[in-house]
Number of protein chains: 2
Amino acid sequence: MASFSHKLPFCTQCSTNQSGQKPNKHKLQCLKINGTKSFSPSKVDLLSQDHGIAITSVDTDENVHVFEQQVRQQIPTKKQLVDPYRQGMIIEEGVGYRQTVVVRSYEVGPDKTATIESLLNFLQETALNHVWMSGLLSDGFGATHGMMRNNLIWVVSRMQLQVDHYPIWGEVMEIDTWVGSSGKNGMRRDWLLRSQVTGLVFARATSTWVMINQQTRRLSKMPDEVRAELSPWFIQKQAIEEESPEKIDKLDNNARYVHSDLKTIPDEFLEKHQLSGIVLEYRRECGSSDMVQSLCDPQEDGMLKSGNGLLGGSLNQGPFSYTHLLQIKGKPKNEEIVRGKTTWKKRLPFPP
Amino acid sequence: MASFSHKLPFCTQCSTNQSGQKPNKHKLQCLKINGTKSFSPSKVDLLSQDHGIAITSVDTDENVHVFEQQVRQQIPTKKQLVDPYRQGMIIEEGVGYRQTVVVRSYEVGPDKTATIESLLNFLQETALNHVWMSGLLSDGFGATHGMMRNNLIWVVSRMQLQVDHYPIWGEVMEIDTWVGSSGKNGMRRDWLLRSQVTGLVFARATSTWVMINQQTRRLSKMPDEVRAELSPWFIQKQAIEEESPEKIDKLDNNARYVHSDLKTIPDEFLEKHQLSGIVLEYRRECGSSDMVQSLCDPQEDGMLKSGNGLLGGSLNQGPFSYTHLLQIKGKPKNEEIVRGKTTWKKRLPFPP
């Protein structure tokens, strides 16, 4: 499990919304043919009241499909204060979101602590459920109604996660998330992950989001109607205090480790060290057919200058930092996908 | 996402319980040094009452560690009827378990339906939470107190999953699971996955479990004290009705597809087809250093005999079946890890 071996859930999943395809006319018919239980009208009426789903008449095939999706997903069209299924609630005077999340058995590694991939998944999930509760969520992955009308989707431009303590299997977490403005056309989203029992802070995260046009894949200004949707939710609070984000150097072929897959940090280092911080700066989309290359270099900061480098004699000291680059192998030149910086500390022995 | 590309969460995670290592003495100290919020005694007292945690005096470092794990995980030592965090409850006259599970954003594929890996994860999670609620769970992955005393862990010997409909992102599921006897020394575990809103059955699953000694890795009889723990929970109900489990043929090098990684079904088939059933028969453990080979052959049943085989002219018909074998490449002979059979149906077009 190297720093880049997790899915990059933010960027890639934003582009999986298959808009413009024909609606699936056969699905509801299929459900009926198989003799499975159909919707109970009274239950649907109840849901439409509870969840603010706008149900009009169900006439055409397309409406039937939209209706079926609405009933199955129950995306609210009005702001909800509490969601018992997602164990979520609106906090921070009506604009923040808190969700209770139990670390599941398949979200931990061999040492029973949540994997970095799981932590990033929790961030994505609570962010989307925040939008879900807001009543702003359209059919896409986090896009608002106004964004859908303007054919816009979110992409993450920067993601920073600091892990103080890893939650363990079965641990009950409280995850808070909230949003703020970022420059003229961006949005900041922050998170705080704590123990529900003790209040211990597990992790903090902050991210920056911009909008791209779903067809052209080019950056977009924030349209006024989208600003009107989002800005009432913006607050100033920051999960990670930083004066100005640290720049990440661009690596070149002089990097110590250059691999044709995603994993550049050696297993022997990963076995003895635990990720304590990661910063990712996304520069470009990549597709499933792109050939990628991963570069990685120990960061020459004060801690390291006196040692033999990260994988030499200083294996047992910390913290350590690496600089990363994931790029598309291309001609005439390679194209940056994401720059990264990871910080590591010595892993404690496994619990018994 | 081929049939074997998912983690095999049952078998592999059972063997990750690192028993016998020294307890982590530094962890609690570390929490204190960092000045983070410590446990509130009144909250802990409350928890110990609510969850039936046996809290004795906290004196030695080891006891402190055990105490810390108990407070963090809150594994009940008495049977619980309801768990609000896991959204679970005991059903079926006190022996079955039902959990409400919302399909999360990172558990679905590009078509917004839950992946097969996610479905298998849901099975593992609800099974473990069932044991959790029972008050029988020791520190391991699903092992009871009696199993721990006898140094035994669970391994899955057979797993069968039938998917009628894939749940979609945001869908609220009700997952029921229960256990029964299987032969003299085994246990059957079944699941039923339904829509919480409509009652529609998404999937059914059944599995067979046996015990191995954690050190010797050899099959074990079920000790009387373990039978006494488990048998009060056994019921006869079966999620999948079958007279006698179908035998899966062992493939050899004449199989149509032989690959040195885990994925043998071609992408072009996966894009147009959806898994509707999978049976896995586990034969042997494999380790992280083993070289594995995956074999796959279209099943010559009635449907296929008249066609050109699966990837020929009959791509648009269904259902289709494949036989699978995952083996360790070894000398003088290869060793079977798991035999499998998968059944597929044509994938419906993506929803809009």
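**Figure 1. Chain A at a glance.** Chain A holds nine helices and 13 strands. What you see here is a predicted model. Of the 352 residues in chain A, 56% are buried. Among contacts in chain A with a separation of 6 or more, 72% are between residues 24 or more positions apart. The chain exposes about 15,700 Å², and 50% of that comes from carbon and sulfur atoms.

**Figure 2. The domains of chain A.** How is chain A divided by the domain assignment? Domain 1 spans residues 4–73, domain 2 spans 82–233 and domain 3 spans 257–346. Between domain 2 and domain 3 of chain A, the C-alpha centres are 25 Å apart. Where these two domains of chain A meet, 15 residues of domain 2 are in contact with eleven residues of domain 3.

**Figure 3. A stretch of chain A annotated in UniProt.** An unreviewed UniProt entry places the annotation "domain: Acyl-ACP thioesterase N-terminal hotdog" on residues 96–229 of chain A. Over residues 96–229, chain A is 22% helix and 41% strand.

**Figure 4. Leucine 161 in the nonpolar core.** In soluble globular proteins, nonpolar side chains tend to be buried together. Here, the largest nonpolar core has 130 residues. Which residues have the most contacts inside this core? They are A:L161 and B:L161. Leaving out residues up to four places away in sequence, the residues that A:L161 touches include A:I116, A:L119, A:L120 and A:L123. Other partners of A:L161 are A:A203, A:R204 and A:A205, along with A:S276, A:G277 and A:I278.

**Figure 5. A threonine in a loop of chain A.** Look for A:T144 in the loop that runs between α5 (116–134) and α6 (145–149) of chain A. Is A:T144 buried or exposed? A:T144 counts as buried because its relative accessibility is 1%.

**Figure 6. Aspartate 176 and its salt bridges.** Over all chains, the whole structure has 34 salt bridges. In one of them, A:D176 pairs with A:R98, with the closest N and O atoms 2.7 Å apart. A:D176 sits in strand β5 (residues 172–182) of chain A and A:R98 in strand β3 (residues 96–102) of chain A, so this pair ties together parts that are 78 residues apart in sequence. A:D176 is buried at 3% relative accessibility, whereas A:R98 is partly exposed at 22%. A network of salt bridges links A:R98 and A:D176 with A:E174 and A:R194.

In chain B, a salt bridge joins the side chains of B:D176 and B:R194, at 3.2 Å from N to O. This pair links distant parts of the chain, with B:D176 in strand β5 (residues 172–182) of chain B and B:R194 in strand β6 (residues 186–195) of chain B, 18 residues apart. B:D176 is buried, with a relative accessible area of 3%.

**Figure 7. A salt bridge between B:E281 and B:R283.** The side chains of B:E281 and B:R283 meet at 2.8 Å, N to O, in a salt bridge. How accessible is each partner? B:E281 counts as buried at 12% relative accessibility, while B:R283 is partly exposed, with a relative accessible area of 41%.

Figure 8. In chain A, the peptide bond joining A:K331 and A:P332 is cis, with omega at about 5 degrees. A:P332 belongs to the loop between β12 (320–328) and β13 (335–346) of chain A. Turning to chain B, the bond from B:K331 to B:P332 is cis, and omega is near 5 degrees. B:P332 is in the loop between β12 (320–328) and β13 (335–346) of chain B.

**Figure 9. Positive phi angles away from glycine.** A:E92 is not a glycine, yet its phi is positive, at about 55 degrees. You can find A:E92 in the loop between β2 (88–91) and β3 of chain A. With 27% relative accessibility, A:E92 counts as partly exposed. In chain B, B:Q87 has a positive phi of about 55 degrees and is not a glycine. The loop that holds B:Q87 lies between β1 (82–83) and β2 (88–91) of chain B.

Note on methods
Residues are numbered from 1 along each chain as its sequence is written. Chains are lettered from A and ligands numbered from 1 in the order in which they are written. This is a predicted model: local features need pLDDT of at least 70, side-chain atom pairs count only at pLDDT 80 or more; totals for chains, interfaces and linings use all residues. Side-chain values use heavy atoms; hydrogens and water are left out. UniProt positions are given in the numbering used here, feature names are shortened, and annotations may be inferred rather than shown by experiment. Helices (H or I, at least four residues) and strands (E, at least two) are DSSP runs, numbered from the N terminus. A nonpolar core is a set of buried Ala, Val, Leu, Ile, Met, Phe, Trp, Tyr and Cys residues joined through side-chain atoms within 4.5 Å. Buried means under 20% relative accessible area, exposed over 50%, partly exposed in between (1.4 Å probe, protein chains only). Contact means heavy atoms within 4.5 Å. Accessible areas come from the Shrake-Rupley method with a 1.4 Å probe; for residues, only the protein chains shown count as cover. A salt bridge is a side-chain nitrogen of Lys or Arg within 4 Å of a carboxyl oxygen of Asp or Glu. Domain bounds come from an automatic or database domain assignment.
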